[in-house]
Amino acid sequence: MKIAVVGATGLVGSKMLRLMEEYGLTDVELLPAASERSVGKEVEFAGKKHKVISVPDAIEAAPHYAIFSAGGGTSLQYAPLFAQKGCTVVDNSSAWRMDKNVPLVVPEINIDAVEDHHRIIANPNCSTIQMVMALAPIHKAFGIERLVISTYQSVSGSGMKGLQQMENEEKGIIPSPVTAYHYPIHHNVIPHGGDFDNQGYTTEEVKLVNETRKILRDPDIRITATVVRVPVSGGHSEAVNVETKKPFELDEVRRLLSQMPGVIVVDDPSRNLYPMPLYAYDKNEVFVGRIRRDESVKNGMNLWIVSDNIRKGAATNAVQIVCKLIERRRS
Ligand code: A2P
């Protein structure tokens with residue numbers, strides 16, 4: 001089996017190689033691709049060095065699967081060309097997510113959205129993935145009416161540039177020669193993710209609204225979001241206020257969350273236990289805590305959701321999709 005990783009030199013792409021190793025996807029011919037700048041460089045995979053090739057060369061090799069994390073423009077241009085060769089593309093960019101012919105998948109929730117004819121499958125936004133992992137069992141049991149979301153997103157969500165900007169500023173190299181943001185991020189908090197629309201919302205906020213509705217298959221959920229970048233190197237956190245249609249007991253919510261594959265409840269205020277990015281770092285799971293009733297509405301609760309955005313928010317989710325499809329197509 002041939003698997004291409006497009007963007008193999010990037011932050012998410014290189015993590016995808018590690019995830020393929022962790023998930024035992026090593027008995028494959030790897031085609032690591034990146035921009036022309038990187039052709040000929042080497043990446044490590046399964047104990048061997050592999051030369052980076054160009055995207056056209058990867059298409060030419062007609063891989064069975066291609067996992068993309070090289071930005072929306074690259075996905076828009078090249079994903080259809082891979083697909084034409086019969087390859088199944090799992091794309092981590094936002095380019096295809098809202099296309100009605102493209103399933104938007106979190107395997108624990110809706111791998112059934114992928115049908116045999118689908119050749120492009122979208123990996124959701126990092127903040128959406130970790131949030132819906134916690135919300136899916138709640139939605140199924142009680143029906144979600146409304147969500148009010150505030151995110152605290154790490155700089156690794158902006159790729160190498162985000163990390164480099166923060167590292168430079170921490171070392172006193174100001175202004176940083178590499179910037180991902182309009183302002184310094186060290187010692188700062190920036191309420192701006194992506195571009196603003198004419199309503200004053202950012203593209204990252206709009207993604208949370210639209211992608212959540214698509215994955216939970218419910219266009220009627222009322223959702224509002226504020227996306228904030230914080231000076232944390234890895235791991236996104238989210239405060240999510242949830243209103244449900246049906247009444248619930250918090251014990252039942254805790255039980256449902258504990259039973260959700262890939263979710264770990266960390267919620268013991270008496271011992272100061274709650275999820276934090278430092279402890280979610282390099283883990284594949286989504287951590288949920290601060291589970292408490294919102295007494296200001298009839299059926300309301302608050303959740304605090306934390307996950308490693310480069311893992312479950314990107315690389316882990318994409319590799320899990322490929323593993324599920326390989327498993328399904330083998331049986
Ligand atoms: P390169 O390293 O050659 O620039 P990150 O999000 O960490 O910045 O990574 C982005 C990834 O996408 C890198 O692997 C980068 O390759 C790749 N990439 C960027 N632009 C293109 C392009 N036009 N074609 C193919 N790969 C690209």
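**Exercise 1.** In which crossing, left-handed or right-handed, does H5 pass H7? Determine also the packing geometry and the contact residues of H5 and H7.

*Solution.* The model is predicted: local features need pLDDT of at least 70, side-chain atom pairs count only at pLDDT 80 or more, and totals for chains, interfaces and linings use all residues. Residues are numbered from 1 along each chain as its sequence is written, and side-chain values use heavy atoms, with hydrogens and water left out.

Step 1. Identify the elements: H5 covers residues 126-142 and H7 covers residues 203-215. Helices (H or I, at least four residues) and strands (E, at least two) are DSSP runs, numbered from the N terminus.

Step 2. Two packed helices are described by the angle between their axes and the distance between the axes. For H5 and H7 the angle is about 45° and the axes are 9 Å apart. Axes are lines fitted to C-alpha atoms, for helices over the stretch in contact, and angles run from 0 to 180 degrees between N-to-C directions.

Step 3. That angle makes H5 oblique to H7; angles under 35 degrees count as roughly parallel, over 145 as roughly antiparallel, 65 to 115 as roughly perpendicular and the rest as oblique.

Step 4. The crossing of H5 past H7 is right-handed, the term for a near helix turned clockwise from the far one by less than a right angle; anticlockwise is left-handed.

Step 5. From H5, Ser127, Thr128, Met131 and Val132 meet Lys207, Leu208, Glu211, Thr212 and Ile215 of H7 (contact: heavy atoms within 4.5 Å). By class, this contact of H5 with H7 has four nonpolar, three polar and two charged residues. Ala, Val, Leu, Ile, Met, Phe, Trp, Tyr, Cys and Pro count as nonpolar, Asp, Glu, Lys and Arg as charged, and the others, Gly among them, as polar.

**Exercise 2.** Determine how H5 and H10 are arranged.

*Solution.* Step 1. The two axes come within 8 Å and cross at roughly 85°. H5 and H10 are therefore roughly perpendicular to each other.

Step 2. Cys126, Ile129 and Met133 in H5 meet Lys312, Gly313, Ala314 and Asn317 in H10. The residues of this contact of H5 with H10 divide into four nonpolar, two polar and one charged.

**Exercise 3.** Describe the sheet that contains E1, together with the helices lying across E1.

*Solution.* Step 1. Six strands form an open sheet with parallel pairing, in the order E5-E2-E1-E6-E7-E8; two strands pair if DSSP finds at least two bridges between them.

Step 2. E5 (53-54) and E8 (120-122) stand at the edges with a single partner strand each, so one side of each is left without a neighbour in the sheet.

Step 3. E1 (residues 2-6) and E6 (residues 65-68) run parallel and are joined by four bridges; Val5 has Ile67 in E6 as its bridge partner.

Step 4. H1 (residues 11-22) lies across E1, E2 and E6 at about 150° to E1. H10 (residues 311-330) lies across E1, E6, E7 and E8 at about 165° to E6.

**Exercise 4.** Describe the sheet that contains E9.

*Solution.* Step 1. Six strands form an open sheet of mixed pairing in the order E10-E9-E11-E14-E13-E12. E10 (222-229) and E12 (263-265) are the edge strands, each pairing on one side only.

Step 2. Eight bridges join E9 (residues 144-153) to E10 in parallel, and Gln153 stands opposite Arg229 in E10.
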